[in-house]
Amino acid sequence: MPISYTNIITLKVLNPIRLLLRNEFENSYPVYISNEYEKKGNQSIRLECIRQDSNVLGAGGYENQYIIEISLYLNVSNYETKKVMDKLYNDTARLEQILFNKSDPVSRSNDQAFYGGRVNNITFNEKTDDEAEVDGLLCAKIEYLCFYTKMS
């Protein structure tokens, strides 16, 4: 008999983060799930789960931790560098605040998704080889740690 399971990474972690960011940024930032950069206009946000670890294991269930890389991209080669960097820093700070608010038990809602998230670090303009080939691409990459508990 086949087992019953849930794709936790997609359904309980990545999709809720994507929905949270889409609701906040509306149409100004397309938010997508992928393991590589995709041209989605002049600005976009990419989500990727880069690590999953078992945190707690018990007879009745388990708690896993997930590290999600949230990449904010600006592709604006024809603008003044200072203004673009100010926008990158401003939008990254906004994104960090959205994620911080989600970690608060009072304001996070009972959406049966991840919880307890925190930003571990943020890097600016550290690009993969593919990203480095895109003219005028600036990026901020947020390492976001969150948890999910599955009870049997």
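## Exercises on a predicted model

Leaving aside neighbours within four places in sequence, Q65 is in contact (heavy atoms within 4.5 Å) with R51, Q52, D53, N55, L145, C146 and F147. This is a predicted model, in which local features need pLDDT of at least 70, side-chain atom pairs count only at pLDDT 80 or more, and totals for chains, interfaces and linings use all residues. Residues are numbered from 1 along each chain as its sequence is written, and side-chain values use heavy atoms, with hydrogens and water left out.

**Exercise 1.** State whether Q65 counts as buried or exposed.

*Solution.* Buried means under 20% relative accessible area, exposed over 50%, and partly exposed in between, with a 1.4 Å probe and protein chains only. Q65, found in strand β3 (residues 61–75), has 18% relative accessibility and therefore counts as buried.

**Exercise 2.** Classify the aromatic pair formed by Y37 and Y73.

*Solution.* Rings of Phe, Tyr and Trp (its six-membered ring) pair if their centres lie within 6.5 Å, and planes under 30 degrees apart count as stacked, over 60 as edge-to-face and the rest as tilted. The ring centres of Y37 and Y73 lie 4.7 Å apart with their planes at 70°, so the pair is edge-to-face. Y37 sits in the loop between β1 (31–33) and β2 (43–58), whereas Y73 belongs to strand β3, so that the pair links distant parts of the chain, 36 residues apart. Y37, at 14% relative accessibility, counts as buried, and Y73, at 1%, counts as buried too.

Technical notes. Helix = DSSP H or I, 4+ residues; strand = E, 2+ residues; numbered from the N terminus.
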